[in-house]
Amino acid sequence: MVTVTIDGVEHQAEIGERLIDLINRAGTPLSQVCYHPQLGPIQTCDTCIVEIDGQLVRACATTLSSDVEVTTTSPQADAARRQAFDRILGNHMLYCTVCDNNNGNCVVHNTTKLLGVEHQEIPFRPKPYEVDYTNPFYRYDPDQCILCGRCVEACQNLQVNETLSINWEDPHPRVLWDGGSTIGESSCVSCGHCISVCPCNALMEKSMLGYAGFFTALPKPALDGMIDVVKSLEPETGYSAILQVSETESVMREHRVQRTKTVCTYCGVGCSFDVWTKDRHILKVAPLDGPTNGVSTCVKGKFGWDFVNSPDRLTKPLIREGDKFREASWEEALSLVARRFSEIKAKSGPDSIAFISSSKCTNEESYLMQKLARAIIGTHNVDNCSRYCQSPATAGLFRTVGYGGDSGSITDIEKAKLVIIIGSNTAESHPVLATRVKRAHKLHGQKLIVSDLRENEMARRADLFLHPKPRTDFVWLSAISRYLLDNGLADQKFLDQHVNGLDAYRKSLEPFTMEVASQMCGLSVETLKRVAHMIVEAGSVCILWAMGVTQQSNGSDTSTAISNLLLVSGNYMRPGTGAYPLRGHNNVQGASDHGSMPNFFPGYQSVDDPEIRARFESAWNAKMPTSKGLDNHQMVDAVHEGKLKCMYLIGEEMAIVDSDANYVQEAFSMLDFFVVQDIFFSTTCRFADVVLPACPSLEKEGTFTSTERRIQRLYQVLEPLEGTQPDWRIIQDVANRLGAGWNYQHPSEIYSEIASVAPLYAGASYERLEGFKSLQWPVAEDGTDQPLLYTKEFAFPDGKAILYPLRWTPPLQQADEEFDLHLNNGRLLEHFHEGNLTYRVAGIREKTPDTFVEVSSELAEARGIQSGTWVQLTSRYGQLRVRALITDRVKGTELYMPMNSVEAPVNLLTSSNADPVTNTPAYKEAVVRMEVLAEVGESPLPRNNHRFGHPTPQRGVEVERKWKRADYHPPNGHLVQIQTK
Ligand code: SF4
Ligand code: SF4
Ligand code: SF4
Ligand code: FES
């Protein structure tokens, strides 16, 4: 610790703390335009100058290393700050009253006020550039840009998309996209980082423009007239009088603009943010305090919300009549559901009914869904879509370390010296998590190994990219474990202290020599040895994996092999280490955690265990079956076999996201009674007997659990659209019509019940999760959570992990003469899964209007295909027509198809083959043949898609280039200490 005296008052600070953070912590007012704590010192504005020992320094760039005396109020420092800010005003016209950014948080406005600026010395000078409106979501106004560089820093070093720069050498510097492209044609991925950190109105969401203020919707000539009037007042009245007017207008806005915290509804990263709304209009998404994401978002979280107000939202229950549906009242629809459930239960027994919960719904809803199945109907036939992606990872972790969750937090991934990504297109599927890896790799020397069939963005950034033969990750992982053990490179101390089963595991590794692995995987022995030595040398390793691993017929085994390798190399139980299966949906972790699984009560308590079952029977006052129910894969088979008659499915597009879609759809059409609850009339709804209109996350309260086991609250942003209801209310209504007698008035009451029956959440409560607070399970009764899952022991009775012996099993499908091409599939950054939500976002649709199949340039040449050529893909299970996109991301005879299509869903081609441990479909083991059709269309990706852009990587804003300008001179003439990062 050091003692820092600020304006005569002593403060304690940690060595290494930034002076500006201490000044802010101490509550000393100090202007600071370019500084943002999440970006670090940028040093472009010079408005934070203070005096230390008679010298002027930038507070943002000063780190504390010894006791020091700081003066913020000295005349020199004050003059320097004013001079610096005056230069800023030369780049920005103050027209706050008619500005959509006049919402109390504009840094330029607030600094003008803080410094008491009345008149500016350097007059405003417009820049010779047009406003750029070419991005569907935001615009850049060069005239208002103060060149602070926050946006550049965020794009280069936080998002690491490396699109933005400033042309410091130009007579009229401005922010550039790809060095001078329009925004619309640049590599910008519309993540919104730049807009979220812009301290003024230079970068603004288009959804704000004309909507936020009382006077901002005026036609431009009228607006310009008002601005002229305001400017003409300034010489006489000074800025303070003008600011008073704008502040009154800003306060008036508070009454009609709501800011409500929510958690993103898309992927499992768990970004949280405030949503600004005016009635049902979403003004903007403002990320700032999210425990996972801070100011970060991706395009879906920042801009992907139009679907909420889509005109085709379901607003009335629908009842099937023959081949058609008719609208019905809630009363009629719910009575029908209850009557048919009762009849089918009476006739065919409780196990003839099954329930599919949703990984988009809240924890509370997942809990009620399984409680309805178990306690009211009397069946364990309940599941959720985690089986389609996550269950193998969970199984691998259950086998080896005890809990089926990430072993640390995203901050651990950031800290790791080496990150290994296997079968995950992280930059597109978990974008904000990927930014942390990209940043650590770019700025902090983190090493990166990527194993994937496709050379995705992370692969391109990696120090080592492995392209093994399809489905062979298991082999090279096992070979590396063996190599470490054979060569004395394993962490023997860790193994002795914390791990059981070494001998049996070692024996199971016998077949996996480096040579065998090299031959089976198509990777050289040298490459494999390099991986092994990188792991040993790193000292702290995190392994991230996703559906490229889990959606294979050996998904559980490969997940186990990953965990085994982490154990052998001692990469558990420390910050910066561990296993990170990247959860796909926003609440796929929570749906399983809360018991929507056929074998577990909430909190992974086995339904087979008599003691646990007795506890739940007593808590719920119900009798329940003694053995597990059907999973969703088995449910489909059971319908075909005539054993399952009735289903209740909420918020899942199972008809096209389950594999072998034709087989699944056939099953749905065979059901005696099918209830589907959704916000849109999905493909699955087509097979329903009753459709119930539910609410999206913005219209309800509850909690989600993200990939890092983080439980977060979402608050109701909008009233439920008329005619719709939150899922928890609908489930309760169905249950009560079946005699449940539930009386939950708010999700918090459901959550209290969850905490009382599941020790994993014993101490979790709405109070402890208030606002942006979060908890990472397990949560002890006193509220202590566990960001790092294993610190002293693993989750087994003796506290030791288990090295789990494994055998190689060959793939269930391989390319042959008839089906000669391997077909891989996955997500696209802009769309979520099949696109039911994201196709309803106009800007996303404009940039990525359709799906496609990626074809390698070699294969394209051999078959005479170009981007836009229509091809027909045929597998043993179905066929579809799709346009080709020629790319160097795939190689040889490997194809890749993103999932974003309702018309041509890739699952028409995938099989019902599954991982035998979890029944997770082997989506990634598809083989097809490709016929080239005569038609050639447009490229399926428009030229203005970011993938055609040309990023301009640099080390950040590169302020040194500004300091070299002939017209730059330190404020007040003698700024002394120019510290760089
Ligand atoms: S990628 Fe685009 S939206 Fe994201 S920070 Fe860069 S310029 Fe801004
Ligand atoms: S556009 Fe960028 S450089 Fe300009 S004011 Fe906004 S954050 Fe600063
Ligand atoms: S990274 Fe995931 S959670 Fe975050 S904003 Fe994007 S989709 Fe939402
Ligand atoms: S806050 Fe801009 S230079 Fe310190």
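The following exercises, with worked solutions, concern a predicted model.

**Exercise 1. Two aromatic pairs**

Task: Describe the ring pairs Tyr-140/Trp-177 and Phe-341/Phe-355, and place each in the chain.

Solution: 
- Step 1. The whole structure holds 33 aromatic pairs.
- Step 2. Describe Tyr-140 and Trp-177. This pair is tilted, at 5.0 Å centre to centre and 50° between the planes.
- Step 3. Locate both rings. Tyr-140 belongs to strand S6 (residues 138–140) and Trp-177 to strand S8 (residues 175–177), so the pair ties together parts 37 residues apart in sequence.
- Step 4. Check burial. Tyr-140 and Trp-177 are both buried.
- Step 5. Turn to Phe-341 and Phe-355. Their pair is edge-to-face, with 6.2 Å between centres and 80° between planes.
- Step 6. Locate these rings too. Phe-341 sits in helix H9 (residues 330–348) and Phe-355 in strand S15 (residues 353–356), 14 residues apart.
- Step 7. Apply the cut-off for buried, under 20% relative accessible area. Phe-341 is at 0%, so it is buried. Phe-355 is also at 0% and therefore buried.
- Step 8. Note a cluster elsewhere. Ring pairs link a set of residues, among them Phe-398, Tyr-403, Phe-494, Trp-777 and Phe-794.

**Exercise 2. Two ligand shells**

Task: Identify residues around ligand 1 and ligand 2, and sort each shell by class.

Solution: 
- Step 1. Start with ligand 1. The residues around it include Tyr-138, Cys-155, Trp-177, Cys-188, Cys-191, His-193 and Cys-194.
- Step 2. Sort that shell. The ligand 1 shell has eight nonpolar residues, four polar and no charged.
- Step 3. Move to ligand 2. It is surrounded by 14 residues, and the closest are Cys-145, Cys-148, Gly-149, Cys-151 and Cys-198.
- Step 4. Sort again. The ligand 2 shell has twelve nonpolar residues, one polar and one charged.
- Step 5. Link back to the ring pairs. Trp-177 is in the ligand 1 shell and also pairs with Tyr-140.

**Exercise 3. An enclosed helix**

Task: Explain why helix H11 is largely enclosed by the rest of the structure, and name what packs against it.

Solution: 
- Step 1. Judge burial. H11 spans residues 391–400, and nine of its ten residues are buried, so the rest of the structure largely encloses this helix.
- Step 2. Name examples. Among the buried residues are Ser-391, Pro-392, Leu-397 and Arg-399.
- Step 3. Find the neighbours. The buried residues of H11 pack against strands S21 (541–545), S22 (578–581) and S31 (801–802), and helices H21 (547–550) and H22 (555–568).
- Step 4. See what follows. Gly-402 comes after H11 and has a positive phi, near 110°.

**Exercise 4. A tyrosine in a loop**

Task: Is Tyr-968 buried or exposed, and which side chains make polar contacts with its side chain?

Solution: 
- Step 1. Tyr-968 lies in the loop between helix H32 (959–963) and strand S38 (975–977).
- Step 2. Judge burial. Its relative accessibility is 11%, so Tyr-968 counts as buried.
- Step 3. Find the partners. The Tyr-968 side chain contacts the side chain of Asp-46 at 2.7 Å, and that of Arg-58 at 3.1 Å.

Key
Residues numbered from 1 in each chain as written. Chains lettered and ligands numbered in written order. Predicted model: local features only at pLDDT ≥ 70, side-chain atom pairs only at ≥ 80, totals over all residues. Heavy atoms only, no water. Near = heavy atom within 4 Å. Nonpolar A, V, L, I, M, F, W, Y, C, P; charged D, E, K, R; others polar. Helix = DSSP H or I, 4+ residues; strand = E, 2+ residues; numbered from the N terminus. Buried < 20%, exposed > 50% of the residue type's maximum accessible area, 1.4 Å probe, protein only. Polar contact = N/O pair within 3.5 Å; in protein donor to acceptor, adjacent residues only side chain to side chain. Phe/Tyr/Trp six-rings, centres within 6.5 Å; stacked < 30°, edge-to-face > 60°. Contact = heavy atoms within 4.5 Å.
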